[in-house]
Every structure is written in structure tokens, then in C-alpha cells.
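Please read the report below alongside the sequence and the three-dimensional model.

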Amino acid sequence: MSFVLRDDPEAPPPLPSETLLLQRLPALDRPPPGATEPGPGESGEGDGHHEVTLVLNPRAWGNLPSDTRVTLKIPRALEGLRTALSRELDTAYALGGWPMVDQLAQGVFGFEQYASLGEFVPRGRLAGAQVSDARSERLMSVLRERVPPDRAALFRAFEQLRGELADWGTECLKVLQEYAVCRAVTEELPACDAATLEEARRYLSLSATDDASVRKALADPAAPHVQSLVGPEGRALAKALGELAGTYRTFKSAQRDFEATLPSRKAAKGAVWLALLSPALGFSTLAAGALADRGKDAGDASAGARLARASGEFQAHFAETAVRYPVVFKLGHCLDQGESVWRGQTVRALQDTLEASAELSALLGEEPEKVWKFTRLVDRCVVTGLAAHAPIAARAAADRMLLETRTPPFARVNAGIQLLSMPLGLVPFPPAQGVVALVSVLGDAAEMLESYLRTHEQRLGFRAALDPGRALGADSSYTSTLVQGAFVALGLLPIPGAIKEWAQSGTEATRAAALRKAALRRAEEAP
């Protein structure tokens, strides 16, 4: 990102997101580490270095074996101690996040001393926590109480710098969230809308081409049925889709021929994916050779090579067509159908893109924290807006986005319900079985709804742009929602039987009580 000078008369006015950054970036300026004031009994002078030895746990750093020791040298003189320690702390955080910072804390404490702390071993339960996590704070409390005297100044400086880094990370996330929301709502989503409206002008039969008229035409529910591909480039799009459809049919025919040569469906699936991915991954010839060898064993040596070639040709043709006509990115599912379907799907794709953009803009306006669901947007904001702080800002953003992938609340609650329902369902008491089944179904239904809402929000970032390169987030699948729906259906199956058994047992109990009363009455009437 380049900022323009306000006193330049020829420069365009700054964008809203640039104005926001100019106001908020000073809050991220970090003062020089400076020197640490000597503590009680410390002179502040010293020769040599502290040796900080640590083992890089694979949870934070996967390129070294878990038993490899790394030794850092930190000056003993307080004047240089804080500077060197700040550099190592920032590096540890950028490379491995707070788990690696905690490992550095163990080295600052003293590797051998830390290893002797019994329950607090390097791979123990207190290592590798977020800075705000109680486990991490407990770890620092334990180390603070037991730090050796010769490392007191070192550990005290580390703890101060660690707190400053945590505060900086919190402020960085606030700035980044504000910047990302502002950029999405005022720049990226309007740019996506402008591209979508331009695509509509290119292909559709419109009586007026201003933005408001195009939006009104696309807002008509009947638009997919009344619009035609007769705009300035509508016929060119239809022709391009027809040519792409021919390549697609050739590819599907080669795929079916290849599958017919394989001995099993399982083998076919893996080999077909190899053929599909080989052109994109750059080893088409190698994949074709491997597939041809497999085809020889099955009786057809050329089927694999034909599939690899057809797959590469289709991918190249699709990419070329989509660059010229971006709406094609949304039409891949209907390439094997006719122009009447393409026309309707083109309009629906334009409608869906505008609707998703409007919904996402409203969502971010009401709940700004939802911006962390859209990884592509956040990554772009880190690179362009926080370039000066990129390494540690990227780590802070990555850790924050990782929180969005945690198991959601209803899913965690439902997991506990399912664990309890298994033993309780075996209790030979129909009312209890019915209640357990009903609670289990309600838990599955709540998790299904939660899964749908999470997926729907995540897909908004992808749906809001015709061109995937402009998308705010990656596409998501409703597969987990469908699976959860199947569990809900399965959970409903035992409920009618439990209710019937409950009613039947109640009827039998009433009948048995009546028989007992009759028997007692007869016994009383007998002489």
C-alpha cells in the first residue's frame, strides 16, 4: 500500500481504509526495548552472556527433532540484555506463536532447572498455551517463584517484554479488525459489485445500463426466465460456453473410458484424481505414464494417457474462458447443459453474487468480529496495511483466525449429550428411553443448525465475488450439515417405538391393576 501526501493537488484522495490506518498505525509503534532497571542486589553490570537453551517442541516448530537443543546467547549487561531478548522473543512469537514463547520462557528460566521441576516438564500440560490462558499464566507464576538468583534479571526482563508483546498483539488485532472491516465494506465489496454489474451489462438484454437499473433488473425474481444472452457480448459468451462444453464432454468421456479399464471402483477413484490433478501440479507426462502402465495391466494402455490429456486440455480451456468471461467461474456445474440453462444460471449467479455482497456488508457492519472468518481478506490486509509489522502481525492474525476453527459450543454440548445417551439408552425404562432419544435429537438438531449458520457465513466471502481472485474467503461445503441432518433423522427413528412401548406398558399396568382389584374383591366376597 502506498500513502499519498495530502498536499499533493494531483493525487487522488486517500481511501477510507488508508485514512483509518493513518490514524491507527501510530498505536502500533513500539518504543526501543531500552534497558532494564537493576533489581534488588543487582549491579546492572556483568561480563559474558546468559545461555538460553531450549528444545523446540514439534507443536510449535516442526522442522527439528523434538530432542534438538537450541542455545541462544543473551548479554548479561542490562544495557544489551533487553534488546537481545526482545529480538529473540519477537522471533519466537513470529515462528511459533505463544507455544514457542513459552518454550523460550523455559530456556530463560534455565533448561536444566526447568527439566528438574517434576510436573512442569517441557512436554507437560502447562507448556504451549495462549498468553491469556490460565495454564500459561500458571506456568509463568511457577517460574517466577523458582527462578535462580543468577537469572532473576534475565527472567524479569523477559516477563516484562512478554507482557508488552501481549499488549501489542491485542492492539494489533483491534487495528487489523477495524481496517479489514473498513476495507471490505467500503472498497472490496463495492468493487465486487461493480464487477458483477459490468458482467450483467456485457451479457444481458437491459433497457437501461446505469447501476440502479441493472440492480433493479437483477432483483426481479423472474429475471432468470425473461432475460436473454443478447447483450453486447452475450452471444460471444454463449458460443464460448458451447465450445467449453465440447471440451468438457470429451473429458468426461475419457474419464468413463478410463474407469472402465480399472478392476475396482476404489482403484478407479484414486487413479482418476491423479489424472485430474496432474496437469495442475506440473507432472502430466509422469502421471500419464503411470496411468498408462496401470491401463496396460487392465487391458487398455492408452486410456490413462487420454484422460490426463483431456483433463489438461479442459483445465486450460476453462481457465482461458473464465479469464475472458469471469461469470464462467459460477457456471462450472452446468457446462453439459444447453443455452437455456446457461442463460438462467448466468442470471442466478449475478443475483446470488449481489445478494451475498449485500448480506456480508450488513453482517460485518453489525458484527465486526465476524471478519476473522474471511482468511483471504485478513491476509491481504496484513500484507498491504501492516507490512511494517508483518511477521508478528501475521502470527497474531493467524492465531485469531485459528479460534474460528474451534469446535463450536453446540457441537461440544452435543458431544457430551451423546456420551450420556449411550448408557442411559440401555436402561429398560421406556419413559427414560424416550426422553434420552428426544434430548439426543434436539442436540443433533441444534448442532445441525449451528453448522449451517457457520458454513453460510463462511461462504458469503466466496459468493460475494464472481472472480475467486477477488473473494474475501475460501469456499465452504455443507457436507457436515448434511451429515448432521442424517444423524437427526436416525435419532428420530427410535422415538415412535419408545412412545408406543411406553403406552403399551402403561395399558398393561392398568390392566394388571384392574385384575388385582378384581381378585381382591372376589377374595373378600368369598365365605
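## Basis and overall composition

This is a predicted model, in which local features need pLDDT of at least 70 and side-chain atom pairs count only at pLDDT 80 or more, while totals for chains, interfaces and linings use all residues. Residues are numbered from 1 along each chain as its sequence is written, and side-chain values use heavy atoms, with hydrogens and water left out.

The protein chain contains 18 helices and two strands, where helices (H or I, at least four residues) and strands (E, at least two) are DSSP runs numbered from the N terminus. Of the 527 residues in the protein chain, 41% are buried; buried here means under 20% relative accessible area, exposed means over 50%, and partly exposed lies in between (1.4 Å probe, protein chains only). The accessible surface of the chain amounts to about 27,800 Å², and carbon and sulfur atoms contribute 59% of that area; accessible areas come from the Shrake-Rupley method with a 1.4 Å probe, and for residues only the protein chains shown count as cover. Among contacts in the protein chain with a separation of 6 or more, 71% are between residues 24 or more positions apart, contact being defined as heavy atoms within 4.5 Å.

Helix α8 (residues 234-260) packs against helix α12 (residues 339-366) at an angle of about 120°, with the axes 11 Å apart. Axes are lines fitted to C-alpha atoms, for helices over the stretch in contact, and angles run from 0 to 180 degrees between N-to-C directions. The angle makes α8 oblique to α12, since angles under 35 degrees count as roughly parallel, over 145 as roughly antiparallel, 65 to 115 as roughly perpendicular and the rest as oblique. The crossing of these helices, α8 and α12, is right-handed; a crossing is left-handed if the near helix is turned anticlockwise from the far one by less than a right angle, and right-handed if clockwise. On the α8 side the contact involves Arg235, Leu237, Ala238, Leu241, Gly242 and Ala245, which meet Glu339, Trp342 and Thr346 of α12.

Helix α13 (residues 375-385) and helix α14 (residues 390-403) have axes that come within 10 Å and cross at roughly 165°, and α13 and α14 are therefore roughly antiparallel to each other. The crossing of α13 and α14 is right-handed. Thr375, Val378, Asp379 and Val382 of α13 make the contact with Ala390, Ala394, Ala397 and Met401 of α14.

One of these residues, Asp379 in helix α13, is partly exposed, with a relative accessible area of 42%.

## Individual residues

Arg463 belongs to helix α16 (residues 430-463) and, at 10% relative accessibility, counts as buried. Its side chain is joined to that of Asp352 by a polar contact of 2.6 Å, a polar contact being a pair of N or O atoms within 3.5 Å, of which, within protein, one must be able to donate a hydrogen and the other to accept it, with residues adjacent in sequence counting only if both atoms are side-chain atoms. Apart from residues up to four places away in sequence, Arg463 touches Lys330, Asp352, Thr353, Ala356 and His456.

Arg24, in helix α1, is likewise buried, with a relative accessible area of 18%. Leaving aside neighbours within four places in sequence, Arg24 is in contact with Glu171, Lys174, Val175 and Glu178.

Two loop residues are exposed. Asp29, in the loop between α1 (16-24) and β1 (49-55), has 53% relative accessibility and counts as exposed. Pro232, in the loop between α7 (223-226) and α8, is exposed with a relative accessible area of 73%, and Pro232 touches Arg201 and Arg202 when residues up to four places away in sequence are not counted. Ala236, by contrast, lies in helix α8 and is partly exposed, at a relative accessible area of 32%.

| Pair | Separation along the chain | C-alpha to C-alpha distance |
|---|---|---|
| Asp29 and Trp168 | 139 residues | 9.0 Å |
| Asp379 and Ala398 | 19 residues | 8.8 Å |
| Pro232 and Arg202 | 30 residues | 5.4 Å |
| Ala236 and Tyr325 | 89 residues | 9.4 Å |
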